[in-house]
Amino acid sequence: MAAPIHKTADKPDLVYRLEDKPPFANALLSAVTHLLAIFVPMITPALIVGGALKLPPEMTAYLVSMAMVASGIGTYLQVNRFGPVGSGLLSIQSVNFSFVGVMISLGLGMQEQGLDEHAMVSALLGVAFVGAFLVAGSAWLLPYLKKVITPTVSGVVVMMIGLSLISVAITEFGGGFAALGNGTFGSWHHIALAAFVLLVVLFFNALKNPLLRMSGIAVGMIAGYIVALFLGMVDFSVLEDLPVITVPVPFKYGFDFQWVPFLVAGLVYLLSIFEAVGDLTATAMVSGEPYEGDEFQQRLRGGVLADGLVSVIATALGSLPLTTFAQNNGVIQMTGVASRHVGKYIAAILVLLGLFPIVGRAFTTIPSPVIGGAMVLMFGLIAIAGVRIIMTNGINRREAVIAATSIGLGLGVSFKPEVFALLPVKELFQNPICMGGVAALVMNLVMPRDTGAKVYLSDELES
């Protein structure tokens, strides 16, 4: 009987391989480099959700602090591989951007029902807490899920996530939700500041140096924050009378569960599984480890299981759900450091930062235009990532019809959500991400397969 084949990436130029233990100074420097790549995407989702749902500064700050604490705990679980839990790779956990639009949409609906901030956050985190068990349980169902959730289905959902978030980004660009209320939305100083941030980010993204490109969003937001300081747009009053330490409190705002929001969040959770699979595969490849075979399948199962359990911990503490991040794969390639032991330093730094309330509260002082200037590009890139997923294996007539119909329904709902107001679980169909995803999933199951050769969309249009 032939021995099983284990595909391994071409030997990358690594300074420290997976099991190597770098000296303290080298490990700390590498950890800081990873943090530069993930820090802004880690804290921004809580800031956007807090601003869109008009949460008090202390609640938004707590979401930010717990995002850092949970990311540290999750990263530690991933890199150490406790039994079946964890990939054992340098896999960094951070807040899942896919849930930003869903949380905002569900939260606004709850506010319309009369829920106050505490009840709304309790329900949102309760739904996310229960949904995280879907990810943990799916770790053993990956081969079956791949047959149902194809690149077309997952690509449509990712694309709808990006497109639905762009409206949030452009609102922040014009001054944010507070500016909408006080009549300053779209004023010159808001637009100029956001445009400045966007230009700085674009400039850094055009540079050849990989580290500078990866740091572009962070540098753009720092530059925008400095300009905002000189313009007097930063309010430091929220930093007064803060406790020294933030004590994580499980279910700080209580626990509530609602079925309809759970169905919406559940779909996004299922799609996040394949995001994690892709990120873990990329991490194995850039680390010079096998990316096929039994060993890799165990890593994959452990990584997805950790993804789910970490989101359980995160949402219980008061953070948005987490996922495995892809940004650090570029850092591994750039620095040549793939040692999982570096993840322990990253985890410790994140937990320490999250325990000091002044850190989380300081991020709430970032003006909305600074966030919006960076997020317009970031959310647009998410939509483009969805297009790339759809085009992974080419696209024939069947896939084109599924994608076009699903995106049309999803975007249509975002413009006119009342169109499905007469349906029984209308909230399920009034969410553009859920509408597009469900449509793609159902059509993928019922439409007959096209056995012809795959062609690209341009060929379809020409025919």
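Guide: The crossing of H2 and H14 is left-handed, in what is a predicted model. Helix H2 spans residues 57-80 and helix H14 residues 342-355, and their axes come within 7 Å and cross at roughly 160°. Since angles over 145 degrees count as roughly antiparallel, H2 is therefore roughly antiparallel to H14. On the side of H2, the contact is made by Ser65, Met66, Met68, Val69, Ser71, Gly72, Ile73, Thr75, Tyr76, Val79 and Asn80, while H14 contributes Gly343, Lys344, Ala347, Leu350, Val351, Leu353, Gly354 and Leu355. Sorted by class, the contact of H2 with H14 has eleven nonpolar, seven polar and one charged residues.

The crossing of H8 and H10 is right-handed, whereas that of H2 and H14 is left-handed. From H8, the residues Leu193, Phe196, Val197, Val200, Val201 and Phe204 meet Gly216, Ile217, Val219, Gly220, Met221, Ala223, Gly224, Val227 and Ala228 in H10. The contact of H8 with H10 divides into twelve nonpolar, three polar and no charged residues.

Helix H1 (residues 24-52) and helix H3 (residues 98-112) have axes that come within 10 Å and cross at roughly 20°, which makes H1 roughly parallel to H3. The crossing of H1 and H3 is right-handed. Here Pro45, Ile48, Val49 and Ala52 in H1 meet Val100, Met103, Ile104 and Leu108 in H3, and by class this contact has eight nonpolar, no polar and no charged residues. An α-helix has 3.6 residues a turn, so residues three or four places apart point the same way.

At the start of H4, a side-chain oxygen of Asp116 reaches to within 3.3 Å of the backbone nitrogen of His118.

Note on methods. Residues numbered from 1 in each chain as written. Predicted model: local features only at pLDDT ≥ 70, side-chain atom pairs only at ≥ 80, totals over all residues. Heavy atoms only, no water. Axes fitted to C-alpha atoms, helices over the stretch in contact; angles between N-to-C directions. Helix = DSSP H or I, 4+ residues; strand = E, 2+ residues; numbered from the N terminus. Parallel < 35°, antiparallel > 145°, perpendicular 65-115°, else oblique. Left-handed = near helix turned anticlockwise from the far one by under 90°. Contact = heavy atoms within 4.5 Å. Nonpolar A, V, L, I, M, F, W, Y, C, P; charged D, E, K, R; others polar. Polar contact = N/O pair within 3.5 Å; in protein donor to acceptor, adjacent residues only side chain to side chain.
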